[in-house]
Amino acid sequence: MLTLEQYAHYKRLEQFLDSLIVAKPLPNFVAPAQAVGKPKPFGLERLTSLLQRLGNPQNDLRFVHIAGTSGKTSTTYFTASLLRSQGYRVGMFTSPHVVTFAEYFTINGEFPPVSELIPLIKEIQPALNAE
């Protein structure tokens with residue numbers, strides 16, 4: 001159970017993460033006019049740069065990437081369930097979240113405890129700020 005102080009700290013970190021999102025969904029998929037001196041809102045350059053600053057942790061993991069127009073969430077849950085039934089440890093990312101940032105992630109069907117997310121966010125915060 002989190003203390004009120006831990007929860008408030010987590011909410012500040014969550015707001016920090018939300019502030020990093022430059023490209024939010026836009027009606028009709030129209031990109032905004034590019035502001036001078038601002039990072040590009042679309043593309044993988046920012047993510048690639050962040051992953052490099054973190055030591056490319058994705059290179060040590062195996063992924064099933066599910067993409068498409070419809071059915072992604074149900075396909076993701078089905079695939080995760082199948083892999084778990086075969087003894088794999090399964091991390092899953094789905095979007096959007098409803099209430100809290102922690103809802104984006106599950107590990108073997110369970111949300112990670114916020115108390116475990118706080119030190120992880122703090123650990124990567126310098127790399128996020130380095131942009």
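Colleague: Does T94 count as buried or exposed, and why?
Modeller: This is a predicted model. In it, T94 counts as buried because its relative accessibility is 18%, and buried means under 20%.

Colleague: Where does T94 lie?
Modeller: T94 is in the loop that runs between β1 (91–93) and β2 (105–107).

Colleague: And what does T94 touch, apart from residues up to four places away in sequence?
Modeller: T94 touches T76, E103 and Y104.

Colleague: Let us turn to α1. Which residues of α1 are buried?
Modeller: Y10, L13, E14, F16 and L17 are buried in α1. They lie on the same side of α1, because the arc they cover around the axis is only 155 degrees.

Colleague: Which residues are exposed on the other side of α1?
Modeller: There, L4, E5, Q15 and S19 are exposed.

Colleague: What covers the buried residues of α1?
Modeller: The cover includes α4.

Colleague: Now the largest nonpolar core. Which of its residues touch the most other members?
Modeller: Y10, L17 and I121 do, in a core of 14 residues. At least two residues of this core come from α1 (4–19), and at least two from α4 (114–129). The largest share is that of α4, with 6 residues.

Colleague: What is Y10 in contact with, leaving aside neighbours within four places in sequence?
Modeller: Y10 is in contact with T100, F101 and A102, and also with V114, L117, I118 and I121.

Technical notes: Residues numbered from 1 in each chain as written. Predicted model: local features only at pLDDT ≥ 70, side-chain atom pairs only at ≥ 80, totals over all residues. Heavy atoms only, no water. Core = buried A, V, L, I, M, F, W, Y, C linked by side-chain atoms within 4.5 Å. Buried < 20%, exposed > 50% of the residue type's maximum accessible area, 1.4 Å probe, protein only. Helix = DSSP H or I, 4+ residues; strand = E, 2+ residues; numbered from the N terminus. Contact = heavy atoms within 4.5 Å. Arc of directions from axis to C-beta.
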